[in-house]
Structures are given as structure tokens and as C-alpha cells.
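This note sets out a few points for a colleague who is meeting the structure for the first time. Please read it alongside the sequence and the coordinates.

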Amino acid sequence: RALWVLNVQVGTQSISPLLWAIETGALGAARAIIEDLLTIRGDRERYYYGMDLLFQRHPDIIRLLTLDAPQLLPGLLDGLIWRSRVAEAGRRRVNYYVRHLLVDENGLFAPAVGWVTEFRDPRVACHPAIVVVTDLVWHHVAFGSFIRARAWFLFTLLVFLFVHSVLHQVLHDEHLEHHEMEEAGMLHPDDDDNPMFRWQLSILIGRAFIYICSLGQWLVYHARKTWGCIRTRSLVRLGCLRLPAYWTEWQDAASLALMVCLLAMLCTEPFFRCLGRDNEHGALDEDCEAGQGLHGAYEAFGAASVVFYCVILLDLSVISTRVSAFVLVCVRVVSELSLFLAALAFFCVAFSCAINTLNQKHTRFHGIPTSLLSLARLTLGMINTELYAEVEEYTSLALALFVFVITTVVFLLNLFVAQIVCAYAASYQDMLGYARLNRGRVVHATMPVVSHRRWCGFIGALRLDAPVEFGKGDVGVP
């Protein structure tokens, strides 16, 4: 009976009625075929279930449905689950027949999770069959490989923070203490003993480690990815430019920005400009005359690097679906924040230009840049209420500030809160599904680095070939 709807021999050709129904749009017939195949039947001798025949005939049935008939996919996944009609001690027995979602015909990890992730439907990602498969592989196989793959990145991040945030401040304090001791006459300026040398050497070694191990790693990674995209012509158009397609992924874009910032730090490194010069605080001092003009740019690139390090670190939120869902919701409401900031900037510029056309001499509103800063601080509550008493003598200025406060603080801020609430309510329904999709993406990307021995041990422990029992006389939930 199952073969009738899966394989029809016409001369020398083998035709699948199920595939024909999907490709021709006869979705009603395709739905009836899938339901018939995935219905468990039995007689006195055995049970009959067409799941194995379905996946043997169409191992890519999940991909076919995501591309041509997505409305049939929930029905197929429902057919892979059997639920008992009897509850015992408040619990109901459920059997999941997900072997073909886990293992392909070669014994390797099946691409079904990858197809569902590419489909990007949060409701399908939350289906119990997909959740069971994803969580099984994540907790027992992919999690360890994922953490080991991120361990080196975490180590380089800790080294970067220790060198640029901790040791940098320690060296700064040593400089101040050394200068105060010189002024107090407790330390002779020509003394050869340099107590800051060990901190300077530690910072130099740490920075060299970052440039070689972190920057070098990202240079090799992006060179390979970029060359691969150019060779396969996997490019996207941005205006008149054609860029590698992998730059559209936020993790790769953040790592590319981090690489650029680290490369800029290497080019503006003050240590290299001061090395070997006759410096005030030793040969490794970075405060020499040649490096004075580079400190501002170097520190700006260092701060940007910390930001991009932390952005890449958000990839670890996949460890918890709850944290991942929260991060995804935050990303989705960023558009509302950008609209609010754009509107606030517009009103600040408009009112600062209008205020400077008035006949007023207040120091906080003298010139457009000063007025712009004062209005922004006024909106954010960074100016105390004494300002209103100061502008009472300028009636036109007080009236302009009154209109500005009503427009921004009363109207714009409350509108922003309402938009955030509505955007969160719209995203909340699907945020767990998007978190599941994110975990599925990570699982699909991590599985190629999992050893074959570990995968085979995991599959063997599941005993997927062992028969699954039903309750006595239990025909399941109708």
C-alpha cells in the first residue's frame, strides 16, 4: 500500500505519486498521501508504518516541502510522533520516530536540521520533533565541540581585556606614583632603576600576542572566506560594489570589523614608534615624543575592538534558548530605537537653529553646536531644573524650550515607549522559535567538526533500531 503512493513503474521510468502531487500543486492529494503513510496500523502479526519507506524513497522530503509545499511540513512532522491516549501518574507516553531526521543513509548527521534552519519559520522550529532532534544533538554532541571551538576566542578576549584595561591602568598609576616621588625628591631622575619596566614588558608581550594570535587568525580566516567567495562567485551587490556574500552574516561582519580595528591598532601602535629611543621611563616607554600623536587613534581603535569582541561574544547566547530569545528580541526592537534617535536628532537640530535666531545671550544656547548639546541633555534629563529659572528673562527662549520639552519629552519619549511595547509584543510570540532556529544553525555548523567516533557512539547509545513499545490496547490519540 505504501509503495503504491511512492513508486509507480511506467515503462522504464519510476514515478513517485507523492512527488508528482507536490510538484504539480495538488497539495490535497499530497497531504492525504503523507497522512496515510504516517498512520500506524496493525494486525495480529505486526505493525505497519510507512515512515522508513517514505524517507528511503525521498530522503530529501523535508527540503522538498520547505521549498514547494511548506504547509504540509507540520503534518509530516506530526506523523513522526505517537501519543498515548492513556495518562499514567499524570504523564502521557510519547514516541518520537526521528531516526531519519538524525541519521542519513550513510550513517552521518542528516541535513534535516539545516533545511529547517534555512526555511526560517519559527513555528516549524518549535515543533516537538525538531526540538527533540536539535536538543539531543546539542546536549550530547555539539555542545562540547561548540565550546572548544570558542575557547580560543574567549582566551584571546581575556588577554586583550587584561592588557588594555588592567595592565594599562596599572602602568598609568605607576607613572603617576613615579612622577610624585620625583617631585617630592624621594627618587633621583637619573636613577637607573625602572620600576615600570616589568609592566611595560608585560603590556608589550600581551599586545604582541594579540597581534600574532588574534589578528593573525582573523586575517587567515577572512582571506580564505573571501577567496572562496570570489572563486565560487558567491557575491552580493552593494551599490556599485560586489562584496563576498558571507559578509551579510552578522558574526562574520563583526569579526571583519574586529580585524580592521586590530589592524589599525597595529599600524598606530605607540610602542613601535618609541622602541629603541631615549625615553624618559625606559626603552619600552610608549609616551615618547614620536608616539604622542598616536595615542588618541590607538585608544579609539582599542575601544572599538572591545565592542566588536563583545558583539561576537553574543554568539554564546545560543547555550540558553531563553537568553538567545532575549538577545533576538533586543535586536528586533533596535529599529524602533534608531527611529526614535533619528526623530530626536531632527528636533534637536531644528530647535537649536531656531533658538539661535532669537535675541538671547544665554551661554548654554550660544551657537548651534552648544544649543544642540544642551537640548540633547535636556531631553535625557542631564540638566537640572535651575535652567528654567535662568531663562525666565528671555521670554522667547523660555517659550521655545517649553515647546521643545512638550515635543520630545512628553510626546516623542512616550511614543517610543509605545512602539517598544508593540514591537516586543509582536516579537514575543516567535522569539522562542527564532532562538530555536539560532540553535539549529549552530548545531548544523558545528557537526562537521565532530569526530566520527563520537557521532557513532552517540547514535549507538540511542538504539534507534530497537522496537518501541505501545501500551496494551492503546491505539493512540485519534
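Which side chains meet in a salt bridge at 2.9 Å, N to O?

1. The model is a predicted one. The side chains in question are those of Asp-60 and Arg-63. Asp-60 is partly exposed, at 22% relative accessible area, and Arg-63 is likewise partly exposed, at 31%. The structure holds eight salt bridges.

2. A salt bridge also joins Arg-123 to Asp-430, with 3.7 Å between the closest N and O atoms. Because Arg-123 belongs to helix α8 (residues 122–125) and Asp-430 to helix α18, this pair ties together parts that lie 307 residues apart in sequence. Arg-123 is exposed, at 58% relative accessibility, whereas Asp-430 is buried, at 16%.

3. Asp-315 and Arg-441 form a further salt bridge, their closest N and O atoms being 3.4 Å apart. Arg-441 sits in helix α18 and Asp-315 in the loop between α13 (295–313) and α14 (321–332), 126 residues apart. Asp-315 is buried, at 7% relative accessibility; Arg-441 is partly exposed, at 27%.

4. Helix α18 (residues 395–446) also contains Arg-436, which counts as buried at 16% relative accessibility. A network of salt bridges links Arg-436 with Asp-135 and Arg-439. Beyond its neighbours within four places in sequence, Arg-436 contacts Ala-125, Cys-126, Val-131, Asp-135 and Thr-321.

5. Turning to nonpolar packing, the largest core has 54 residues, and Ile-62, Leu-76 and Leu-101 have the most contacts inside it. Helix α9 (residues 128–183) supplies the largest share of this core, eight residues. A second, separate core of 21 residues includes Phe-153, Val-159, Leu-167 and Tyr-309.

Note on methods. Residues are numbered from 1 along each chain as its sequence is written. This is a predicted model: local features need pLDDT of at least 70, side-chain atom pairs count only at pLDDT 80 or more; totals for chains, interfaces and linings use all residues. Side-chain values use heavy atoms; hydrogens and water are left out. A nonpolar core is a set of buried Ala, Val, Leu, Ile, Met, Phe, Trp, Tyr and Cys residues joined through side-chain atoms within 4.5 Å. Buried means under 20% relative accessible area, exposed over 50%, partly exposed in between (1.4 Å probe, protein chains only). Helices (H or I, at least four residues) and strands (E, at least two) are DSSP runs, numbered from the N terminus. Contact means heavy atoms within 4.5 Å. A salt bridge is a side-chain nitrogen of Lys or Arg within 4 Å of a carboxyl oxygen of Asp or Glu.
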